[in-house]
Each structure stands twice: as C-alpha cells, then as structure tokens.
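Let's take a walk through this structure together. Have a look at the sequence and the fold first, and then we'll go through them piece by piece.

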Amino acid sequence: MLSRVLHKYLLCFLALSLLNVTTFSHGKEADTELQTWWKTEKFFQSFENLAERLRTEEAEVASLCSEQEALSFEDRSIFRQHLQRAMTYLQPDRASDMPAEKQFKNFLDELRSALESKFYTKNKDAYHHDACVRLAQNLVFSYYTKNRLHSFIRELFTRTVDFRGWPLMFADPEALIQDYRHQDDSSSVAARFVFLEKLIAALPMIHQRISERSRNIGYSYAKRLQDLYRGGVSWYLFDPAMIGNFPYLKYEIQRSGQEHPLIYIRMPTPTLGSNAASVKLAPEFTAYLHYLKAHQLRHLYINFQDALFPSLKTMRSLRDLRKLFGLEDESGRARLLQNLGQQSELSSVVEVLSLNHNSTFYEQSGNWNRYSTAEAGTFMKQFAENLFREKEGYQVPLSWQEGEDQFFPEIMEILSFVHHVFFNKAPFLDRKSRQIFIDLAHAFISEFAGRGFFSVNQSCKSGIDRAGAANGMTLLLYLAKMAFDSNVSDAEFISTSRFLLPALFGDALITKMRAIKKVRLKRFFRSASLLIRALQENPERSQLFIQRLSAGSLLSP
C-alpha cells in the first residue's frame, strides 16, 4: 500500500515537471469582498433558478407523502426520502452558517442518491406514470436548461475586469454606432462590424486584466496545482459538479418553423472518475436524457476530450508520455461518451460528435508541422477522412456513419464553403491558416450537426477552455449574422453583442475565477479576427454566410 502511495506521489512530481507549470507572482492581497461574493452568489442564484421549478411543482411535492400508498414499499420510500431532502436543500438559507457550496453539494448528493436508488433505476422510464419519477426528472431538466446565470456572469465579468465607464461596454449604443459609421455610409452594417472588431481586439487586454486579478481573488498557485491534480490523473474520482462546476444555460438559437429554440448548455464532462475501467456517467445527466426520451426530444453532445491513448510505439509527444503514466489521460471519459449514442435505450435520444481539440491534426503539429504550406484540396479531404474514419480522435454520430453517402458530401460542402468564404479558395494554406480553417470548420460542422435537436452542449473536461472558445465562436457566428439583419435595431445588436466578452471569459471566471487559457484564447482571437475581416470585405461571400445560418437566429441573452 505504501509503495502504491509513493508511486502516485512520484507520478505527481513527474506530472508537474512535464506540465509546463508557470510560476505566478503573489500580487496584492486577496480581494476578499469579490471572492466571497463569487463563492456564494453563483450557488444562491442557481438555487433560485432551480427553485422556480419547485414553486411550479408544489402540489406535486405535497402529494409525495400521501399518494400511491399502495406502492409505498421500502424501495420507493427510500427514493422519495432522498428526493424530498434534495428539495429541502433547494431552498437555502442565506443566513445559515453552512456555506452555500456545502448546501449545493448536499442538494446534489441527495438528488444523486434518489437517481441511483433501486426504485428509480427500475422505473426511470415511468415519467408519465409515477409522480416521484416525474418530479425528479423535471428537477434535473431544470438543472440543465433553466439555470440562467447571464446577469450574474455579466456582473462577475464587470467586477473582475473593473473597467469603469469603458465605452465599449457602457456607452450609449446609438452613439457608438454613430461614431463607428463612415461619413459616406448610411448603413449600420459596417458600423456594427467595427464594433465586433473592437470587441475582438480587446481580448488580449481583458485576458491580462483577469489573469492579474484572479491571483488575488481565488485562483492561487496552490489552487492551480490542485486543479492539475484533480482533472489530470487517472486515479482521481473527478467529479466537476462537486467542486462547483455545474451546468447552466449558455444561449438559445431561435429556429424558423420550430416550436422550441435550440438550447446550448454550458457544462463540464458529465462523468464521474477518469479511469477507463471505472468511469461512469453522472446520474443526473442520464436522468436528463430520460426526460428528453419521455418527451420525444433529442440532445447532441459535442465532445472535445481526447479519446486517443498511445502505446510506446505510437507515442509522439510529451503529452503521450504523460498519458502512459496516467496523467492528462481523457480517453476513459471520452470513449464512454462516444459510446453513449450507441446504447440501445438512449440511441433515439442522444448523438455524439467528437472533435478532438488535442490531436496533432487540430494543432497541425507532428507530421503536419512539416508542411509550411499544404495543398488545400488534400487538407480538406484528410479533414473529412479523419471525421468519418475515426482518425485523430474524431468521431461522427452513428446516424452519419450509417448514412455516410449523404453526410460525407455534406461535410465536404461545409469545408468547401469555409475555403471559399474565408480563404478565397487559396490553393495552398500555411500552418496558421490551417489552424484557423479547422476552428471555423468545427463551428460550422457543429451548427450543422445541431439541426433537429432540442439541446446541444460543447464540452471538454471542465467546459471552460476548449469548450469556452468553441461556445464563443458559435456565439460570434450568430452575432455576425445579426449584424446584417436590418430588422434588428442598433441598440439590440450592441446590447446582445456586448455579451460576447462575458460569455467568452465567464465560464472560467464562474467556475475557477481565472481567465480562459491563453492558448485557447489565441486560437479564438485569430479565427474571430479573420471571420470578421472576411465578412466585411466581400458582399458576395457574406451572402453565402447568411444563407448558411439562415435557419436560426440568436435570442438575446
């Protein structure tokens, strides 16, 4: 036993030596007021959002102790008790000595105990027949789709960045548009793109500001090392929700001809553990899928975790070496999620699209790094091959695999669209251009994949860096489309676009009180800058872009 413990500590030491850990200055004293507000308010506001469901279900809650007495055998009683205790914790006391985070953990622990009980396991498809099952799944549905934290994220971003009176975020929208409008141009479109350009240009400055403040507010050097350990070793029972990383509504896309908007959920990996032999789905996520099943709705899971696990022969980098030691290994979680859409009981509810954001293809490293320029047609063909042949950690949904004759040409059309609109059909692409191409293509492939679903999530391990950048790019696509829409007022456009900065930085702030990782922000910055520039320069290609996104429009957060 002692040797095993020493072995793990030795591996941790090796991990830190290989993980490119940067030393940080201690800076000023901690901003105690902001730190306390952040640590408590994110939980209390989530409780209040979830309590909305509780208030609408009061009659059902009251009936739990009296109805269906004939079925009140021991298994059902245990399920009901856990559910009732979860509902009790859902009404937190701000004056309590118990920290908000502890109250949230108690709520989630009781909810999970109910969802893992023998009665619920046997009756998880009894939504329309059992009031307790219905209440549990309604609560889980709210947990994923009704937790609206936009106002909190805006305030957290504003307090952290602390740019008081910054015109880009606080000036009158009409005045801004007037300032950005060219003297000889009466159209608002050009001025709107100038505003988007200025938002993108501000990203490095904001990243620096958040990085400086986060050292004083909560994301200390010790905390960084703790996070590296929690999510980076295969033997740790990684459970994001229990360390304050829970799902919330990111944004919604209104689709023409559809009753429901497409809901984008911000969430970390919905798995417990990391080891391939023991990792499992979080019970609340499985319950969410069963709610969708009961309502004949569908969910798309877009996975950015790395399913690849190297051998000594195939090892190509230090990252591969770390994986062999059980460090930075996401393959157990990623493979479990990739198989989710192939489970018979859930295959009609969920599909999984894997876009590996750690592969040599995504980074254009390894063999791809040898090419200072690559022939565009060959590159695009390899891109599509990776998707459909499950290379480089890519995997398309099962329906795409079964209908490859239909979906392979669709993907090639998207790649050709990106090549035409954003690269002017350049015959050769350098490494930087290929990286931008991949990020833009991922965004349009994800948009295409989400058509016909009720909800979508784009998630990596923690849902804040790889996923944060991807969610930001999807948001930017619809903001750019909105810029062309004459039915949207300048004031509405500015107000909605201002959410881009809190949305991009907010996930890392609300979860860990730090900035999004610089390497992920840099990729977003390059791709976003090219996207805005390309749409400004060529009206013909702008029309192709608008047509590509014609089926959906962003609802103001």
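A nonpolar core is a set of buried Ala, Val, Leu, Ile, Met, Phe, Trp, Tyr and Cys residues joined through side-chain atoms within 4.5 Å. "Buried" here means under 20% relative accessible area, while exposed means over 50% and partly exposed is in between, using a 1.4 Å probe and protein chains only. What you're looking at is a predicted model, where local features need pLDDT of at least 70, side-chain atom pairs count only at pLDDT 80 or more, and totals for chains, interfaces and linings use all residues. Residues are numbered from 1 along each chain as its sequence is written, and side-chain values use heavy atoms, leaving out hydrogens and water.

Start with the overall picture. The protein chain has 26 helices and 10 strands; these are DSSP runs numbered from the N terminus, with helices being H or I of at least four residues and strands E of at least two. Of the 557 residues in the protein chain, 57% are buried. Take contacts (heavy atoms within 4.5 Å) with a separation of 6 or more: 79% of them in the protein chain join residues 24 or more positions apart.

Now for the inside. The largest nonpolar core has 161 residues, and F107, F383 and F422 touch the most other members. Helix α22 (residues 466–483) gives the most to this core, with 12 residues. In soluble globular proteins, nonpolar side chains tend to be buried together.

Let's follow F107. Setting aside neighbours within four places in sequence, F107 is in contact with F47, L50, A86, Y89, L90, L139 and Y143. F107 also takes part in a meeting of two helices: F104, F107, L108, L111 and L115 in α5 meet A136, L139, V140 and Y143 in α7. By class, that contact has nine nonpolar, no polar and no charged residues. (Ala, Val, Leu, Ile, Met, Phe, Trp, Tyr, Cys and Pro count as nonpolar, Asp, Glu, Lys and Arg as charged, and the others, Gly among them, as polar.)

How do these two helices lie? The axes of α5 (residues 100–115) and α7 (residues 131–145) come within 11 Å and cross at roughly 135°. Axes are lines fitted to C-alpha atoms, for helices over the stretch in contact, and angles run from 0 to 180 degrees between N-to-C directions. Angles under 35 degrees count as roughly parallel, over 145 as roughly antiparallel, 65 to 115 as roughly perpendicular and the rest as oblique, so α5 and α7 are oblique to each other.

Among the residues making the contact are F152 and F157 of α8 and F505 and L509 of α24. By class, the contact has nine nonpolar, two polar and one charged residues.

At 54% relative accessibility, though, K425 counts as exposed.

Last stop: helix α16 (residues 331–338). Six of its eight residues are buried, so α16 is largely enclosed by the rest of the structure.
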